[in-house]
Amino acid sequence: MAPTNTIEKKPISFSNILLGAGLNMAECTTLGQPLEVIKTTMAANRSLTMAQAAKLVWSRGGVLGFYQGLIPWAWIEASTKGAVLLFVSAEAEYRFKTLGLSSFVSGMGGGIAGGLAQAYLTMGFCTCMKTVEITRAKQAAVSGAPQQTSFQVFKDIYKREGIRGINKGVNAVAIRQMTNWGSRFGFSRLAEDAIRKLSGKGENQKLSNVEKIASSVIGGGLSAWNQPIEVIRVEMQSKTNDPNRPKNLSVWGAAKYIYQNNGIKGLYRGVTPRIGLGVWQTVFMVAFGDIFKKLLNTEGTGH
């Protein structure tokens with residue numbers, strides 16, 4: 001397949017590492033973590049509506065309840081995964097474009113590569129610990145035991161299960177991140193192409209910042225199709241005393257357990273805040289990423 005436009009050769013840009021870390025830190029510290037907490041609470045407590053989940057979160061500390069897990073786990077995760085995502089996805093997307101692939105396919109390929117690198121290099125233990133932090137209040141209420149601190153939980157899991165326990169659910173995280181960022185980058189690039197056609201712009205003409213953001217809103221919203229993977233990931237990483245829940249759940253085992261207890265709707269619990277989170281993350285990491293790469297003259301993806 002021949003390229004439809006000339007892709008300017010760019011050097012590998014390591015500044016994308018710092019840019020990605022900064023953008024992801026800003027994303028999670030603003031609306032990202034509150035949406036993450038509500039989404040995770042609904043996925044772990046699948047009988048709750050969004051309003052009930054928000055009320056439960058508020059009962060755990062008011063406004064601060066919506067920022068459970070932010071320090072240190074979300075900050076550690078955001079700074080590392082943002083750096084990996086922007087660096088790997090930008091370079092991979094550029095390489096796919098040099099092969100003559102479309103913006104949609106190149107964007108999806110870049111997102112998949114970035115999401116995969118995120119999951120196994122940085123996200124496994126952080127995502128696990130964030131989920132434990134958000135769901136452990138429920139565990140303490142059920143058992144009647146004093147609630148442990150985050151680091152006590154971390155030490156306890158590590159002592160009992162080692163590094164595999166801390167990374168529990170990492171395969172589900174990998175599937176989620178590949179489909180998340182593959183969809184977010186791919187659909188965003190597809191939306192950019194559609195906006196170009198609607199506005200009468202040529203293939204090589206740059207989009208305005210508003211058009212970039214609008215494309216990311218569309219891409220982020222459409223990426224929530226994989227919510228069942230997220231619910232499965234939360235179930236695998238949650239602490240629970242349910243005697244009927246199988247131990248050492250696999251991805252398939254968790255899916256089966258959720259379906260048996262909550263039906264098909266259970267696999268889509270938390271999809272509404274997940275759409276909001278997907279939009280927010282995509283605006284930061286795709287639209288703002290492109291805008292700031294252009295300002296820094298480090299854009300390596302040829303668009």
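In which sense does H1 pass H3, right-handed or left-handed? I looked at the crossing, and it is right-handed. I noted that this is a predicted model.

**Entry 1: H1 and H3**

I looked up the geometry of this pair. H3 covers residues 70–98. Its axis lies 7 Å from that of H1, and the two pack at an angle of about 135°. I checked the classes: 65 to 115 degrees counts as roughly perpendicular, and over 145 as roughly antiparallel. H1 and H3 are therefore oblique to each other.

Next I listed who touches whom. On H1, the contact residues include Gly20, Leu23, Asn24 and Cys28. On H3, I found Trp75, Ala78, Lys81, Phe87 and Glu91 among them. I sorted the contact by class: 14 residues are nonpolar, 7 are polar and 2 are charged.

**Entry 2: H1 and H2**

I turned to the other pair. H1 spans residues 15–44, and H2 spans residues 50–59. I read an angle of about 110° between them, with the axes 9 Å apart. That angle makes H1 roughly perpendicular to H2. I noted a right-handed crossing here.

Which residues of H1 make the contact? I wrote down Val37, Ile38, Thr41 and Met42. From H2 come Met50, Ala53, Leu56 and Val57. By class, I counted 7 nonpolar residues and 1 polar residue in the contact of H1 with H2. I found no charged residues there.

Note on methods
Residues are numbered from 1 along each chain as its sequence is written. This is a predicted model: local features need pLDDT of at least 70, side-chain atom pairs count only at pLDDT 80 or more; totals for chains, interfaces and linings use all residues. Side-chain values use heavy atoms; hydrogens and water are left out. Axes are lines fitted to C-alpha atoms, for helices over the stretch in contact, and angles run from 0 to 180 degrees between N-to-C directions. Helices (H or I, at least four residues) and strands (E, at least two) are DSSP runs, numbered from the N terminus. Angles under 35 degrees count as roughly parallel, over 145 as roughly antiparallel, 65 to 115 as roughly perpendicular and the rest as oblique. A crossing is left-handed if the near helix is turned anticlockwise from the far one by less than a right angle, and right-handed if clockwise. Contact means heavy atoms within 4.5 Å. Ala, Val, Leu, Ile, Met, Phe, Trp, Tyr, Cys and Pro count as nonpolar, Asp, Glu, Lys and Arg as charged, and the others, Gly among them, as polar.
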